[in-house]
Amino acid sequence: MIGIFHYLALSAVLFCIGLYGVLTRRNGIAVLMSIELMFNAANINFVAFSYYFKGIHFISGEVFPLFVIAVAASEAAVGLAIILSLYRNKKTVNVDEANQLRG
Amino acid sequence: MDWIKFAYLIPLLPLAAFLLIVFGFRFFKGSRISSYVSILFNTASFVLSCFVFLKILNLEHTDSYSGPIQFSLSWIHLHSVSGIIPLHLQIGILLDPLSAIMALMVTFVSTLIMIYSIGYMEGDPGFSTFFSYMSLFVMAMLTLTLSNNFLLTFAGWELVGLCSYLLIGFWYKKPSAAKAAIKAFVVTRTGDVGFLIGMIILYWKTGTFNFIQISHLNLPALLSGWLLWGIPLLIFCGAVGKSAQFPLHVWLPDAMEGPTPVSALIHAATMVAAGVYLVARTYFLFVISPTALLVVAWIGVFTAFMAATMALVQWDIKRVLAYSTISQLGYMMLGLGVGPIGFVFAIFLLLTHAFFKALLFLGAGSVSHPFHEEENPFDMHHYGGLKKKMPHTYWTFLFATLAITGCPLFAGFFSKDAVIDSAFQSRILTHNLLWGLALFTAFLTSAYMFRMFFLTFHGTKEPEHQVHESPWVMILPLMILAVFSLIGGWFGFSWYRLHLPWHDWIERFMNPYVQLYHIPVSHTIDWMGMGLGTFVFLAGFFTAWVLYSKGLRFASALENPIIKPFHQLFVQKWYMDEFWGLILSLFGFGLSSIASWIDTNLFDGTVRGIGMGTGGIGLKIRSIQTGFVQQYAFIIYLAVLILIIFVVSGGYLWTARFF
Amino acid sequence: MKGSHLIIFIPEIAVLSLALLLLIFDWVTPKGKKVWIGYFSAVMILVFMGGFLCLAKNRFFPYAASFHGFVFDAFALYFKELFLLVVFLATLFSVNFFKQDDEGQGEYYALLLFVTLGCFLLVSSADLLMLFLSFEMMSIPLYVMCAYRKKDSKSSESGLKYFLIGAITSALLLYGISLVYAATGTTNLHAFIEGLVSANKLAYNPILLLGLILMLCAFCFKIAAVPFHMWAPDVYEGAPAPVVAFLAVSPKIAVIGLMTRLFLAGMQPLQPFWVFLFAVLAAFTMTVGNLTALFQQNLKRLLAYSGIAQIGYILVGFASIQPFFKNMPTLQLGYQAILFYLAAYLFSDLAAFGIVTYLSAHGIEDVKSLKGLAEKNPMIAFLFLISLLSLAGVPPLVGFVGKFYLFLAAVSSRLYWLALLGVVNSVISLFYYLRVARTMYFEKEEGVSIPYPSFSMQVALLVAVLGILIIGIYPFMITHFSLQVLTPLSNVPISHVMK
Amino acid sequence: MRFYAAADEDHKAQKGNIYENRIRLLMSNSVLFYSLAVLIISCAFAVVFLRNIFHAGLFLLGAFLGVAGIYIALFNYFLAAVQALVYSGAIAVLILFGIMLTQRHYRKEDPSHNAFKWIAFVLSFGIAGFLVDSFRSLKPGSIFPVKHLLYQMGMALMQTYAIPFEVISALLLVALLGAFSLAREKEDL
């Protein structure tokens, strides 16, 4: 029987894969993709909780992902614009090559 | 309209002038606008003070008078949990006869001096700066005057000290000016330490800073033992420093390095009188302790005497006036110290003194104006026979001299001699000793003032310089002040009972204090007091006339074996500078050797260790900042991990025990 | 929801409409007149500030009203006035940073206002969804603005760094919210708090704590608390100066406001858990910020670290909020101290950043190049000195009073070590502030004089420095107001909910 | 807990509704969940490990679609549709465009991961372990479907979440504005 725990475990693993990507991928766009994975993990949580623990506020969990998707879209758009702007200046999208500012 | 509520504007208007000049600095530079701004706002403040003064005057003569008027604002108000006293500090103004008349005097004299300064400071590169400082000073002085609590008074007190420092060192390129500024700052600060300690002890004992609230408390019950005389004397320490009383008087003569209008305003008329004002304001602390009063009286009279002897031998006109200021301040302290009987006269002397001493300084400035190319334009060796060349200055200066020396009908005759006689009237044996010394000092006063006067204006010496009269903008304030030097005394000779319509005006005005401190009012005409006053004036005048008016006849007298050591003593300023130097060096030597031992053996190692430690840590932390964004993310991630472990392992339950 | 209830959204509607209006203005303004967009925006913001104050006085000041996760009360209004002040000053700082005919001025000012809108919503939010959205609303325009100087690789890098760290923490925040939702079954803060208060057991639910911890991490990122601070110096250095002035103040204040609301409204049961966390965070943040600042040469980095240290002081206030003091929570010094220090930080930091903006426009970026500034331009040197001394906490400036309150709060909660550490840190901070002052005043260098700042800059600096002086001398203005703001919030959570 | 108790009562009231069979079908069929989970996790691994960024992008599309499947398994069809349309259709495609725009200076010999890859691997899955461990305390709740879920979501969007709905529109506008002004060639500041 699949219970809440399974969904949560799935989302936790997905979240951590995303985290791993964020921490290690050099390509800025790949980092962006990993962040999207983390957002998705949280969304799975919302829907699963809303589904399994129906209280008076259950609808919040069902609606929350809609907003998160919109936020993710806007973050992706802005993030890509910034990465492109960096690419124009430095001819690279590798985030670890952007280390002019330090100390 | 109850415009008395706008009394808080009195100090705020000069502040506005200050801010305007500071922020409009670049527009005003090189023009006279800043002086006009200062004078305009100051005059407004003066007009407001007049209104307040009249209102208070009217209030007292109606039945509606119910004590001093206060307006307070909460300043810091902290609620707090158990363990700490709730802190509620207020700032506010207090309008009563004392503060009203003081504010009136300060705004009036400062306005005149600012007008004078237009002429005096003409062409100085720091013209605008000068006026901004002057406005700031007036604001601080009025804050001190109108404040209704110790805290605000102290703030104003320190601020006037700061302004005085800035203005003494105004021509900071002269090394002597910079030195004098530092000396004034340090010496007055020595006294302020006492003031601060006294204030804090008083707050600790009474729980309030408010003057009126404290004066309504049963102080003898609250302050037991040494506090009864200790607190007033600690507060008096501040007054000693600011009012240049013995032994902290050494800064005032050196303070004459500042521009002359500064000397007139700060070091003669207002700031130095702040010490006297402080004692008068906190008189409720002094009256309960005869010991404290006696100390005040003795310090006052001794200062008066010592300063007068030193004034006798000075050749720098401004230094003569500085010593005379110290001497007069000593008289005021004497008046306060002999008990309530002298209270009103001391305040009266403070007011009249402001007029004639400001006039003397401004006159000295006017005299020295043509000599500004000399190394020391104030040296009386250059002067002599200036009567013809500067008639306006001459006549106004004469008025001031007559006023300070106590010539009948002039201001000093009524105020200063009243102070001296109050010592006599108090009918205590030691006070009669005080009276004798004070009377002798009055003779010295007359002598040194006329010495200076004759050396400057009389004689046959033909000046080397093209001497000319000063411009009108400088003469006009002199004339106004001369008028007040004459009539200023007429408002308060109640004690002489001459039965003119305004004969006991100052006494009536001070009526709340007369009642508060049970000041006895005499009803007989004291012919003896008047006679003696006139006598010492004439004696001093003739002494000076014989010695100085007809050429210099005193040279041979100086060789007299009796006079010579005294002369030497006076010229060396009673060796007070040396005394302080010795104390400082002894104290400093002992302290510095201890300190250096501690420093090298104890602190240095530790501090160096800490310094290197912090520096090292700082550099280490900095080296983590590699500019590599995923590393930052990684550190965030580690922090999250630690926090998660903290939660999952229940570590928070463990730590919660410590809080 | 009746139409008349729209009145509680007036601040948001006003700011949003102004932002949209500016976009249109940019389109219709002819070339050569673009500079007026900034002035127009500043004037309108000033009008809003006055208007909201009047509204507050007349219409609904003592009341609190809410509409599904949006709260309007005096507390929020206090913060909204602060945000308007920040955006007003930041707008004035920006006016001369643009060249006369630059494109995109309207967009720039609109983005500033959108961030302000995000801050508005954040301090008004009573729902986790609202919180998340306003958090994003506050961040996304700022990512863009950091990278706004497109030809400058430093600016792009700054934008990238801010974006990446920001996006990661957004994900953390979102995941945290999902866990909190899991533990409490609601996203509504009031329902959530009722649950917390009524069932103490819930307080020790590890899933709830995990969620709250993740949310706290996101907040710590925004306020740049150690160890979430590392983006700040890099981003500040690369981003355009007026953006930095804004970035360093508004979002921080907003997040602190949100945290204050959370605590005041009902995190009390969790208090023993927080106090340790905040004490440790405060200690680290103060110390690391100050120690690292000691060695900074770049002015913006110096101020970044100094800002980190300032946030450390504010966290002292959070640490000294006492547990189980439910009957009179607002009488605790901690809350008052936090609210006061925010105002202090606003004025001091904006004054300093305003001057750095002005200096960087004249090519001065380093402490070394400040040599002889007091001779070349005494007014700027003086204003800079005042703002730095206020940041260091020298009486009688506003920073001193703020620190005094904070440390007093720590002492009254018996966190003596924290108060002592705070004092030691203030002393350490004096070293680097005075290093700047010494360079300006005592190191001489002949060189071209720097022109006086433009009119808009002068007005902005004057406002900030007068704030430092006036509130420093008369702090009762703010303490009184903050008390008024706090009281209704704690006594009546939300009295009536509009349907 | 109040909420949970309420849910139980609701559950009793709704016994015997028409969806019950389908629930049984789906829930007993753990094959659906596990296959989706394997799909999502393998796609996610591919996203973070693959050297070729373009392939990683394609796998991201797969992961998004898998998550849409999870929504279907949880009976939120509307969300699944939105996920498929917006995430897979818009965001993933946007990212793919971004990849294609930035491929010109791609150097094949460059490492695709930075120096943290080993320690991050260990720690990331450590954190996953902690999370999963703390979820064990959750009791499996009782499930029931909601009638007219889409209708209720719509009502929520128009009533309870009317303000966030407005805010998200402003947020999208801001993102558009920001992306536009960054992408424009002209210098702004």
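Helices (H or I, at least four residues) and strands (E, at least two) are DSSP runs, numbered from the N terminus. What you see is a predicted model, where local features need pLDDT of at least 70 and side-chain atom pairs count only at pLDDT 80 or more, while totals for chains, interfaces and linings use all residues. Residues are numbered from 1 along each chain as its sequence is written, chains are lettered from A and ligands numbered from 1 in the order in which they are written, and side-chain values use heavy atoms, with hydrogens and water left out.

**View 1. Chain D has eight helices and zero strands.** Walk along chain D from the N terminus and the elements read α-α-α-α-α-α-α-α. Of its 189 residues, 44% are buried (under 20% relative accessible area; exposed is over 50%, partly exposed in between; 1.4 Å probe, protein chains only). Now take the contacts (heavy atoms within 4.5 Å) in chain D with a separation of 6 or more: 65% of them link residues 24 or more positions apart.

View 2. Look for Tyr20(A), Arg25(A) and Tyr51(A): they supply 11% of the area that chain A buries against chain D, more than any other three residues. There are zero salt bridges between the two chains (a side-chain nitrogen of Lys or Arg within 4 Å of a carboxyl oxygen of Asp or Glu). You can, however, find 14 residue pairs in polar contact, both at pLDDT 80 or more (a pair of N or O atoms within 3.5 Å; within protein, one must be able to donate a hydrogen and the other to accept it, and residues adjacent in sequence count only if both atoms are side-chain atoms).

View 3. Chain D and chain B share zero salt bridges and three residue pairs in polar contact (both at pLDDT 80 or more).

**View 4. Ser366(B) sits in helix 17 (residues 343-368) of chain B.** Ser366(B) is buried, at a relative accessible area of 0%. Beyond its neighbours within four places in sequence, Ser366(B) is in contact with several residues, including Tyr116(B), Met390(B) and Glu469(B).

**View 5. A cis peptide bond joins Phe246(B) and Pro247(B), with omega about 0°.** Find Pro247(B) in the loop between helix 10 (227-242) and helix 11 (251-254) of chain B.

**View 6. Phe75(D) has a phi near 65°, a positive value in a residue other than glycine.** Its place is the loop between helix 4 (53-73) and helix 5 (77-101) of chain D. Phe75(D) counts as buried because its relative accessibility is 11%.

Conventions:
Buried area is the accessible area (1.4 Å probe) that two parts lose on being put together, summed over both.
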